[in-house]
Amino acid sequence: MGLQALFSGSDEAPGVAGLGLIDGQLRRFDETKSSTVNGSGDGEGRKSVPCIGWNSASLVQNDEFSTLEPDEKRPRRIFYGLEDWRKYYYVHSYFAPYGPGCELEKQGWTVATARYGDETYAGAIGKGNIFATQFHPEKSGEAGLKVIKAFLEGKMWEDVSISAAPNGTQAQPVVKMDSSTNGLTRRIIACLDVRTNDDGDLVVTKGDQYDVREKSAPPPPSHKTSTFTSTSATSSTTKHLAGQVRNLGKPVHLAEKYYRQSADEITFLNITSFRSSPLHDLPMLEILRQVSRTVFVPLTIGGGIRDTVDPASGRTASALEVAKLYFASGADKVSIGSEAVTAAEAYYAAGCKLSGTTAIETISAAYGCQAVVVSVDPKRIFVDSSPSASPDHHHHHHHTLRTAFPDPTTGRDRVWYQCTTRGGRQAHDLDVVQLVTAAERMGAGEILLNAIDRDGSNRGFDLELVDLVKAAVRIPVVASSGAGMPQHFEDVFSRTSADAALGAGIFHRGEYTVGQVKDWLEGRAGMVVRRD
Ligand code: 1PR
């Protein structure tokens, strides 16, 4: 563990010596060194930094094993449970370079490498009683648990023999790399919107356009199903009562289910946090504690990450303290929504000056940018762009785009994306590009890009919005809202350069499993996904 600290130094902290157990200097990823041009928009040919996602850790000596002849058997050595075809969860901006002239092996180190774009680095390294990984084994599903087990059992090397299957195909899965993602797999995130229902239970809910209450009694069974009433088990397990909060299941149970379905990450959003102090939101903390005992992929928690007055004591707890509670309970990242909008407004009002005191800045400084997600909830606003239109004094400074989906009533085809807070209830005079660029500047490590117009619609992701935001920032962008079928995931990955895609209703309503989405991406679209 703590791979980077073992080296002599890092560009991350010039002049500060590392432990020096391994001779070498860490460098920062170069955004321009991508392996290929991917997706569309201005982000072409660049890679996101920090690097967040699933990648390999391959032993250099095993590289030749992709060329086994039929019936040929060869011994293969497994180093601390690492298997070449498996994927591990990485999140980092700095890396230990590996390549020609690299002295690590001469110094007796065994190195398993990963490649992000054109940069190759040590994914795991060991010698004697030292073993360190750049990836997070505790967040790498079954593959990571295997590595931890081997380490605890002191099993540095395991000899296995691999053979080609009689028909000449590999008996072992082959190492798959996707150059269009700079080596990472396509990341699928399951999102759980959590709130207390009318009976006081914490439930996973899901609305359309952020309205999570049942609109009417369910249609009779013979009625043609609406987009919301699926053929799945959900309808039998869910009470459909008009006006009540939709109950789609229990948070811990669903998180475990999606983990078993090979979700690459789980996100929990406490969607009514603006109503109460998160300091008293102990059930949410308890959910995290329980989930982190059985779910070994990254967990993100959002909702109410802001400076908060404790109603009991009158004391103000900083956003950093609130985040700390979540990290201590098992969260890997916190997601900041409303507070990011407030901070961005203040940033622009101050002439683009950072205050150093916002939630994003303080948490990013303490835990690293990769621990800070900014969740944005934009909605489309049509503008009149006809020559006869009077200049719109309110919106002339917003980033607009021409949309392929014009307003059906007015025919207007130019939109801007307005930021909202309080679950879409409050609109701000700030557009999504302004928000994400300010958030990146403040130290956010990832953008969770929702789209209120698409939320719960099953119409697919808003690809125009994804392109707009990807072109504006260098940090990873998670596309969210609108997923209704596996094809939608293929679309967002093949037609934009989204770094990950998130689904909620599609999984909760049981229409598709995460595994089925991955089957589609792999089988139909030829994309590389993680399998445990
Ligand atoms: O503002 O920092 O307290 O955080 C509150 C968080 O709660 C924000 O991240 C905000 O997005 C979220 N939120 C608030 N109200 C709602 C609501 O639904 N009424 N949920 C809400 C937002 C959006 C997505 C959803 C996707 C995918 N949920 O996470 O899961 O749209 O849905 P789909 O695949 O079914 O289309 P703060």
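**Close-up 1. Glutamate 119 and its surroundings.** A polar atom in the side chain of glutamate 119 lies 3.1 Å from the backbone nitrogen of aspartate 30, a polar contact (a pair of N or O atoms within 3.5 Å; within protein, one must be able to donate a hydrogen and the other to accept it, and residues adjacent in sequence count only if both atoms are side-chain atoms). The model is predicted: local features need pLDDT of at least 70, side-chain atom pairs count only at pLDDT 80 or more, and totals for chains, interfaces and linings use all residues. Residues are numbered from 1 along each chain as its sequence is written, and side-chain values use heavy atoms, with hydrogens and water left out. Glutamate 119 belongs to strand E9 (residues 119-127); strands (E, at least two residues) and helices (H or I, at least four) are DSSP runs numbered from the N terminus. With a relative accessible area of 4%, glutamate 119 is buried (under 20% relative accessible area, 1.4 Å probe, protein chains only). Beyond its neighbours within four places in sequence, glutamate 119 is in contact (heavy atoms within 4.5 Å) with residues including Arg27, Arg28, Lys47 and Phe95.

**Close-up 2. Arginine 86 in a loop.** Arginine 86 is found between strand E5 (73-79) and strand E6 (88-92), and is buried, with a relative accessible area of 13%. The side chains of arginine 86 and glutamate 83 are joined by a polar contact of 2.9 Å. Not counting residues up to four places away in sequence, arginine 86 touches Asn55, Ser56, Ala143, Lys146 and Asp532.

Close-up 3. Ala319, Val322, Ala323, Tyr326 and Phe327 are buried in helix H5 (residues 319-328). Seen down the axis of H5, these buried residues fall within an arc of 140 degrees, so they line one face of the helix; the arc is that of the directions from the helix axis to the C-beta atoms. Glycine 330, with a positive phi near 120 degrees, follows H5.

Close-up 4. The ligand is surrounded by 25 residues, each with a heavy atom within 4 Å of it; the closest are Ser338, Ser375, Asp377, Asp455 and Ser481. A polar side-chain atom of aspartate 455 is 2.6 Å from an oxygen atom of the ligand, and a backbone N or O atom of glycine 456 is 2.8 Å from an oxygen atom of the ligand. The protein covers 97% of the 770 Å² of accessible area that the ligand has on its own (Shrake-Rupley method, 1.4 Å probe).

Terms used. Buried means under 20% relative accessible area, exposed over 50%, partly exposed in between (1.4 Å probe, protein chains only).
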